Amino acid sequence: MAAISNSLPLKHGLSLWCPQSSALHRPNPSSSLLTFRTFRRCYAAFANDNREYVIVGGGNAAGYAARTFVEHGLADGRLCIVTKEAYAPYERPALTKAYLFPQDKKPARLPGFHTCVGSGGERQTPEWYKEKGIEMLYEDPVKSIDIEQQTLTTNSGKLLKYGSLIIATGATASRFPEKIGGNLPGVHYIRDVADADSLVSSLEKARKVVVVGGGYIGMEVAAAAVGWQLDTTIIFPEDHLLQRLFTPSLARRYEELYQKNGVKILKGSSIKSLEAGSNGHVASVKLGDGSTIEADTVVIGIGAKPAVGPFERVGLNTEVGGIQVDGLFRTSVPGIFAIGDVAAFPLKIYNRIARVEHVDHARRSAQHCVKALLSAQTHTYDYLPYFYSRVFEYEGSPRKVWWQFFGDNVGETVEVGNFDPKIATFWIESGKLKGVLLESGSPEEFQLLPTLARSQPVVDKAKLQKASSVEEALDIVKASL
Ligand SMILES: Cc1cc2nc3c(=O)[nH]c(=O)nc-3n(C[C@H](O)[C@H](O)[C@H](O)COP(=O)(O)OP(=O)(O)OC[C@H]3O[C@@H](n4cnc5c(N)ncnc54)[C@H](O)[C@@H]3O)c2cc1C
């Protein structure tokens, strides 16, 4: 049974399983009540020592995992979350969106965006965790693991014995080296609330902002700086914005929109160094071609690395990085799982191993992993890649932008629409629709995208090319389902 093979009782010392029984894994209310009382007695005896389920990392995936434990009636007194941050899990994408709105445009602040509000669930504030009997260890990162002893050691020296362990450590922002000014005051990286707070306090007094990186973080931060009416330049080495996904033509539409909003765009540019002024604060950005741009605030958005930190021994993937797992999020070590940004998992639909640094995968992988751990669910994860971004959404913005993409951006493309405000791009390979991006769609149109990308219908490319509107193009591909 999956429940037995997925989870391990504590191997050393006294087990938390009192009595040890696979029934503990099943969401059977009557048996849960019985074992819960017994467990509470054990728990009291081994407080701060043994834990039945431990999640390391308190981000998006951890929040959704906690909710799934609660739904199975297996959180109370059994689940512990150990996190580096001072906050209960929150919807991280907000940090470069509503969190960066200027003060007069109602910026988002905690507790407004704790998980799982992002998917329409209950808002999981610190009180929610208390009420549900989930132990939260804040600001105490795990620094080492002993796989044999099934123990974790935290920065403060706590030794935590676990029955089953879920690694949900996410990713860390890539940084510029210190020797080229990567740590100067006024240089920002955004991964957590503390980073976003520090950026907001810089934006409050900034005049000239340089954003390094043309990915979604760079695009979102540059759009936010426009909301603060700051002189903003975005610099990146590629030929166009969001090179990983956008076609050159699609990127051109967004670039024009940014330029209309006053953002200067420097493409194909490398950074030589970030230079300090006489006060030690960043004052300019030196480019590879020798030119210099004045800046009092620099935001670096050049990607992220999986936070494998203390868990390298659990088994890393050499191609995509991160911790290798199977379709049930099991690592090669029995009883240890990995989810979210840090997991390298089989992307079944395209038959490859992938790491996906997006919130939709964080949510779904957490739910899938915990269900497999706690119940007899054995079907493997079958994820359809989904990315989105929203920019220029503050009050008074002349043009709000919201795009969604589903599927794989492979093959030839057909673009329909004039970006006023709608546009759609279809990726077609061997006659089949593989991916679709839609800007400013209606809720019904956005809802159609995953069906299209998953079904991969054969489409009439010539007919699609002749479509005179996004609506007509969507009707054509819908008819081929
Ligand atoms: C600014 C920003 C904007 C984003 N915008 C979008 C977007 O618009 N759309 C989208 O799809 N995705 C977006 N993402 C990506 C999305 O937020 C991530 O994919 C998602 O948060 C991943 O969830 P996770 O739980 O795996 O990692 P995280 O949410 O990063 O959580 C990991 C947690 O683990 C903690 N941690 C790390 N190491 C340890 C340790 N050793 N011990 C204890 N705790 C540890 C971290 O501090 C963190 O709290 C954005 C990300 C960022 C940073």
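**Overview of the protein chain.** Of the 481 residues that make up the protein chain, 43% count as buried, a residue being buried if 20 or more other C-beta atoms lie within 10 Å of its own, exposed if 12 or fewer, and partly exposed in between, with C-beta atoms placed from the backbone. This is a predicted model, in which local features need pLDDT of at least 70 and side-chain atom pairs count only at pLDDT 80 or more, whereas totals for chains, interfaces and linings use all residues. Residues are numbered from 1 along each chain as its sequence is written. The protein chain has 11 helices and 25 strands, taken as DSSP runs numbered from the N terminus (H or I of at least four residues for helices, E of at least two for strands). Among its contacts between residues at least 6 apart in sequence, 62% join residues at least 24 apart; two residues are in contact if their C-beta atoms, placed from the backbone, lie within 7 Å.

**Close-up of helix H6 and its surroundings.** Helix H6 has 12 residues and reaches 17 Å from its first C-alpha to its last, close to the 16 Å expected at 1.5 Å a residue, the expected span being 1.5 Å times one less than the number of residues. Because 11 of these 12 residues are buried, H6 is largely enclosed by the rest of the structure. The buried residues of H6 include Tyr216, Met219, Glu220 and Val221, together with Ala222, Ala223, Ala224 and Ala225. Their cover includes helix H5 (193-205), strand E9 (208-212), strand E10 (231-235), H7, strand E15 (297-300) and E21. Just after H6, glutamine 229 takes a positive phi of about 55 degrees.

The 13 residues of helix H7 (residues 248-260) should span 18 Å at 1.5 Å a residue, which agrees with its end C-alpha atoms being 18 Å apart. Leu250, Tyr254, Glu255 and Tyr258 are buried in H7, and, seen down the helix axis, the buried residues fall within an arc of 135 degrees, so they line one face of the helix; the arc is that of the directions from the helix axis to the C-beta atoms. These buried residues pack against H6, strand E11 (264-266), strand E23 (412-416) and strand E24 (423-429). The face turned away from the buried side carries the exposed residues Pro248, Ser249, Glu256, Gln259 and Lys260.

Valine 436 lies in strand E25 (residues 432-439) and counts as buried because it has 24 C-beta neighbours inside 10 Å. Leaving aside residues up to four places away in sequence, valine 436 touches Phe406, Gly407, Ala424, Phe426, Leu449, Leu452 and Ala453. Phenylalanine 405 and valine 436 are 31 residues apart in sequence, yet 5.7 Å apart in space, C-alpha to C-alpha. Serine 440 is found in the loop between E25 and helix H9 (443-455), and its phi is near 55 degrees, a positive value in a residue other than glycine. With 19 C-beta neighbours inside 10 Å, serine 440 counts as partly exposed.

**Close-up of backbone features in two further loops.** A cis peptide bond, with omega about 15 degrees, joins leucine 110 and proline 111, and proline 111 lies in the loop between strand E2 (79-82) and helix H4 (126-131). The peptide bond from threonine 115 to cysteine 116 is also cis, with omega near 5 degrees, and cysteine 116 is found in the loop between E2 and H4. Asparagine 351, in the loop between strand E19 (343-347) and strand E20 (352-354), has a positive phi of about 50 degrees although it is not a glycine. Asparagine 351 is exposed, with 7 other C-beta atoms within 10 Å.
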